[in-house]
Amino acid sequence: MFELVTSEASYYKSLEILETHFLRNPILINTLSQSDMHFLFSNIEEVMKASERFLMDLEHRIEKSILISDVCDIVYHHAVEHFSVFIKYVINQVYQEKNYRQGNQAFRETMAALENHPRVRGLSFTSFLILPFQRITRLKLLVQNILKKAEENSEREANAIKAHQQLEQIVKECNEGVRKMSRTEELISIEKTLEFKSKSVPIISHSRWLLKKGEVQLMTGPKSTRTMRSRKLYQPVYLFLFNNLLLVTKRSSSGDKFQVLDSCTRAMLRTEDLEDQGQQLANVFNLKLLENQEERQVSYMLKAGSMSDKLRWTCALTPNRRTRFMSTSAHQPDSPQVQCIQSYSSQEPDELSIEMADVLNLLERTDDGWMMGERLHDGERGWFPSRVVEEIQSKEVRAQNLREALRIQQKVFSRPTQCGV
């Protein structure tokens with residue numbers, strides 16, 4: 001509880017730097033139009049006011065007694081009354097990034113000078129911009145830890161459950177808003193690059209999003225000894241895998257367009273592992289399109305760039321494929337678990353962003369340094385490098401993590417929701 005208060009004070013000080021050093025800087029203001037300034041800083045002033053009110057109430061509680069009785073009642077009140085400003089701010093982040101990247105020369109030079117100032121302690125401007133979303137997710141985790149330690153059926157537990165539930169909803173709306181905005185932008189961008197040879201497929205849809213894209217090698221010609229020595233054994237193809245559609249394409253000679261060779265609904269895809277038959281056939285798998293765009297069954301023999309890349313493709317193409325380890329939803333009491341020791345931001349759609357101390361159930365691993373995991377507190381899944389986590393060796397600690405996750409889920413979801421959330 002004390003950490004929640006002190007970290008809020010630290011967060012507010014950082015927001016003040018964002019406001020006074022960047023937002024109110026007259027030189028920076030003169031490099032951008034009024035609309036660009038609005039896009040870049042969004043409703044950060046509303047976010048600051050919400051934090052100021054919240055911090056004042058927390059400090060009043062400490063003034064009453066240094067031995068803090070509770071903070072979750074204050075968190076709940078502010079989450080209901082004031083924290084909706086986070087949702088608007090976070091959803092606008094897509095436009096923030098775009099405006100920041102497209103800044104003119106005067107803007108870039110001014111920004112570089114401001115970032116070099118000792119006051120910002122070597123931090124970049126963008127690291128200040130993402131503070132609100134980092135804060136709302138950290139608040140949720142802090143409340144979650146308070147809930148873990150609260151005495152069962154106590155008033156503190158009841159307040160923590162309500163606060164956690166409200167913050168969970170805000171974080172969910174933030175994530176969904178960002179996802180929808182970035183997914184639509186991505187679909188528009190992809191559609192501009194596609195050239196359909198025959199039957200075109202409409203790409204942009206509210207119910208469609210990109211899961212994975214990338215180049216693989218397509219095996220061509222008969223698999224004889226002569227062709228094995230030939231460099232023409234494989235030709236590159238580029239796959240666009242959406243949640244409900246696969247496009248098999250070929251990159252144009254200019255490199256900025258993709259000619260669509262084949263397409264298939266995701267439900268009609270099947271993958272099959274091939275035995276490792278030496279270097280030429282390493283990381284090769286079969287992809288079957290049970291019914292392609294011409295209503296025919298076709299099979300492609302594809303070679304991925306690495307063992308982990310092959311596994312990531314097969315898991316994405318056929319999601320019902322069994323993983324090596326069971327998920328927590330199967331209630332396996334001694335599943336392998338890992339804990340995040342270094343924050344990681346996802347680089348690809350099939351990856352998972354994880355924060356320090358996140359605990360994940362291990363679902364899959366490769367020998368070349370990748371793992372697929374399911375985060376215990378929200379069930380989100382994805383790939384991440386094995387270097388950013390460490391395995392939890394203690395059977396007792398793993399069991400305790402599962403019990404705590406289950407307890408929070410049962411407490412939070414068994415309570416009737418309030419305020420229509």
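The model is predicted.

The protein chain contains 14 helices and 13 strands. Its C-alpha trace spans about 85 × 60 × 40 Å along the principal axes. Of the 421 residues, 44% are buried. An unreviewed UniProt entry lists residues 1–177 as "domain: DH". That span is 80% helix and 0% strand.

Five of them form an open sheet, in the order β12-β11-β10-β9-β13. The pairing in this sheet is antiparallel. Its edge strands are β12 (381–385) and β13 (389–391), each of which pairs on one side only. On average, neighbouring strands of the sheet are turned by 45 degrees against each other, direction ignored. Strands of a sheet pair through backbone hydrogen bonds, either parallel or antiparallel. Within this sheet, strand β9 (residues 337–340) runs antiparallel to strand β10 (residues 359–365), and three bridges join the two. Q337 has N361 of β10 as its bridge partner.

Charged pairs come next. Side chains of opposite charge can pair when their charged atoms come close. The count of salt bridges comes to 18. One of them joins the side chains of E8 and R135, with an N to O distance of 2.7 Å. This pair links distant parts of the chain. E8 belongs to helix α1 (residues 2–23) and R135 to helix α10 (residues 131–149), and the two residues are 127 residues apart. Both partners fall under the 20% cut-off for buried residues. E8 counts as buried because its relative accessible area is 2%. R135 is likewise buried, at 4%.

A further salt bridge is formed by the side chains of R61 and D73, at 2.9 Å from N to O. R61 lies in helix α4 and D73 in helix α5, so this pair ties together parts that are twelve residues apart in sequence. The burial of the two partners is as follows. R61 has a relative accessibility of 16% and therefore counts as buried. D73 has 27% and therefore counts as partly exposed.

R24 also takes part in a salt bridge. Its partner is E19, and the closest N and O atoms are 3.7 Å apart. R24 is partly exposed, with a relative accessibility of 44%. Elsewhere, salt bridges link K212, D309, R312, D350 and E351 in a network.

On the surface, a nonpolar patch is made up of F2, I66 and L67. Together these residues have about 390 Å² of accessible area. L67 is placed in the loop between α4 (44–64) and α5 (72–81). L67 counts as exposed because its relative accessibility is 71%.

Most residues other than glycine have a negative phi. S42 is not a glycine, yet its phi is positive, at about 50 degrees. S42 sits in the loop between α3 (34–41) and α4. With a relative accessible area of 13%, S42 is buried. N283 also has a positive phi, near 60 degrees, and is a residue other than glycine. N283 is located in the loop between β6 (269–273) and β7 (284–289).

Key
Residues are numbered from 1 along each chain as its sequence is written. This is a predicted model: local features need pLDDT of at least 70, side-chain atom pairs count only at pLDDT 80 or more; totals for chains, interfaces and linings use all residues. Side-chain values use heavy atoms; hydrogens and water are left out. UniProt positions are given in the numbering used here, feature names are shortened, and annotations may be inferred rather than shown by experiment. Helices (H or I, at least four residues) and strands (E, at least two) are DSSP runs, numbered from the N terminus. Two strands pair if DSSP finds at least two bridges between them. Axes are lines fitted to C-alpha atoms, for helices over the stretch in contact, and angles run from 0 to 180 degrees between N-to-C directions. Patches are made of residues with over 30% relative accessible area and no salt bridge: like charges are joined within 9 Å, nonpolar side chains (Val, Leu, Ile, Met, Phe, Trp, Tyr) within 5 Å. Accessible areas come from the Shrake-Rupley method with a 1.4 Å probe; for residues, only the protein chains shown count as cover. A salt bridge is a side-chain nitrogen of Lys or Arg within 4 Å of a carboxyl oxygen of Asp or Glu. Buried means under 20% relative accessible area, exposed over 50%, partly exposed in between (1.4 Å probe, protein chains only).
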